[in-house]
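This report is meant for someone meeting the structure for the first time. It goes from the chain as a whole to its sheets and then to the packing of its helices.

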Amino acid sequence: MKVFLVAGARPNFMKVAPIYRASRKHSHVVCKLVHTGQHYDYEMSEAFFEDLDLPKPDFFLGAGSGSHAVQTAKIMTAFEEVCLAERPDLVLVVGDVNSTMACSIVAKKLLVKVAHVEAGLRSFDWEMPEEINRVVTDSISDFFFVTEESAVRNLVAEGTSREKIFFVGHVMIDNLLYQATKLENGGVDVKTLSVSPLKQSAHPYAFLTLHRPSNVDNRDVFESIADALNEIARTRRIFFPVHPRTKQKIDEFKITFSRNVILLPPLNFKESLFLWKDAEAVLTDSGGLQEETTALGVPCVTIRENTERPVTIEMGTNVLGGTTKESILHAYRESLGKAGKGSVPPYWDGKASERIWDVLITNYKL
Ligand code: UD1
């Protein structure tokens, strides 16, 4: 069975890595790694491949940045050529980025089966490009691998046949546990990490990531978020690895941060984990970090009005913070009360990738 694993943007690499690793137990599966090139800077792309123990991609499509239409079209055109030449049996896509949607459409039109990992999540917020990507991908997938119960309900409500839905847990957590074990067991010499000296001198501290267009592309919203962060930073440091989109907007809007908000370049997975796992709280608009903080019991404030990952609030350590100064500060205080108190959602046990291969292999009767 020839399977294409598609990855294009930073959060995809974390999800594909454990699936790729788990495939090696099945000698009759040939996995080819397709990197669409949606992310291309060293810190956003190559650093992750090295860090996550991923081999170099078999195919690099070099799509790069552009408007949604341009980026999606470039990925589709390049991916179609590779599919026609290679004829995979299955295309596996992860998450909800433009590469996910683009490659699923191409595969389906070539009558290649599509597996969507992290299917069924819904924010019901049509201003998020990711919501469109999720719904389109789920409308044409053949295998739906889901991370939480809400996703099963969403898919069933949309008419997806129950037999195609597989509640396997979360590959993002497979990667997290694999990397956290390496950090704890001395598999990584933490003294060599660039952020080590920062961490030593800074307890308690918070950790921040911010990149959603709805937060950083609007001057008023970005300024009120910055007000909240500067207030929190009166009494503790906030470490803030800055996404390229966010960097552009900080410069354009001349957003000012207090000296306690420490702006860093984008960090690879290990450096980032090393910082946030011991943070007093994480503030973020990322999907993955909401889940990873729940898995490790670290308080999390989601700087958004909604989340497509409700289990992190119902069971875990996540609090919705909205985007105003008051709502973020309120959520920050609330989140601290959740430290170590949440529980870990079902199947977030590091074995989701193995379950995915079991399902695929059974269905292909190999
Ligand atoms: C994309 C995903 C988002 C995901 C995020 C993780 C979509 C619609 N969005 O958003 O869901 O959470 O990745 O990072 O797929 N840029 C660089 N170097 C890079 C990549 C981007 O400088 O390697 C800059 C470019 O100016 C680009 C901008 O960042 O225009 C935005 O990049 P893009 O890939 O369009 O979207 P993200 O905001 O990264």
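Contact, as the word is used in this report, means heavy atoms within 4.5 Å. With that cut-off, Phe269, Leu273 and Trp276 in helix H12 meet Leu289, Glu292, Thr293 and Leu296 in helix H13. Sorted by class, this contact of H12 with H13 has five nonpolar residues, one polar residue and one charged residue. The model is a predicted one, and the values below are computed from it.

**The chain as a whole**

The chain contains 16 helices and 13 strands. Its radius of gyration is 20 Å, close to the 21 Å that the globule rule gives for 366 residues, and the chain is therefore as compact as a globular protein of that length. Along the principal axes, the C-alpha trace spans about 60 × 40 × 40 Å.

**The sheet of seven strands**

Seven strands make up an open sheet with parallel pairing, and their order across the sheet is E3-E2-E1-E4-E5-E6-E7. Strand E3 (59-60) and strand E7 (165-167) are the edge strands, each of which pairs on one side only. Within this sheet, strand E5 (residues 113-117) and strand E6 (residues 143-146) run parallel and are joined by three bridges; Ala115 has Phe143 in E6 as its bridge partner. Helix H4 (residues 98-109) packs on the sheet, where it touches strand E1 (2-7), strand E4 (90-94) and E5, and the direction of H4 makes about 160 degrees with that of E4.

**The sheet of six strands**

Another open sheet is formed by six strands in the order E10-E9-E8-E11-E12-E13, and here the pairing is parallel. Strand E10 (261-264) and strand E13 (318-320) stand at the edges with a single partner strand each, so one side of each is left without a neighbour in the sheet. On average, and with direction ignored, neighbouring strands of this sheet are turned by 20 degrees against each other. Strand E11 (residues 281-284) and strand E12 (residues 300-302) run parallel and are joined by three bridges, with Thr284 standing opposite Thr302 in E12. Helix H12 (residues 269-276) packs on this sheet, touching strand E8 (205-209), strand E9 (237-241), E10 and E11, while its direction makes about 140 degrees with that of E8.

**Two helix pairs**

Two packed helices are described by the angle between their axes and the distance between the axes. The table gives these values for two pairs.

| Helix pair | Axes come within | Crossing angle |
|---|---|---|
| H1 (residues 10-23) and H16 (residues 352-363) | 8 Å | roughly 55 degrees |
| H12 and H13 (residues 287-296) | 12 Å | roughly 55 degrees |

With the axes of H12 and H13 crossing at roughly 55 degrees, H12 is therefore oblique to H13, and H12 passes H13 in a right-handed crossing.

For the other pair, the axes of H1 and H16 cross at roughly 55 degrees, which means that H1 is oblique to H16. H1 passes H16 in a right-handed crossing. Which residues of H1 meet H16? Pro18, Ile19, Ala22 and Ser23 in H1 do so, and the residues they meet in H16 are Ser353, Glu354 and Trp357. The residues of this contact of H1 with H16 divide into four nonpolar, two polar and one charged.

How values were computed
Residues numbered from 1 in each chain as written. Predicted model: local features only at pLDDT ≥ 70, side-chain atom pairs only at ≥ 80, totals over all residues. Heavy atoms only, no water. Axes fitted to C-alpha atoms, helices over the stretch in contact; angles between N-to-C directions. Helix = DSSP H or I, 4+ residues; strand = E, 2+ residues; numbered from the N terminus. Parallel < 35°, antiparallel > 145°, perpendicular 65-115°, else oblique. Left-handed = near helix turned anticlockwise from the far one by under 90°. Nonpolar A, V, L, I, M, F, W, Y, C, P; charged D, E, K, R; others polar. Pairing = 2+ DSSP bridges. Rg over C-alpha atoms; globule rule 2.2 N^0.38 Å.
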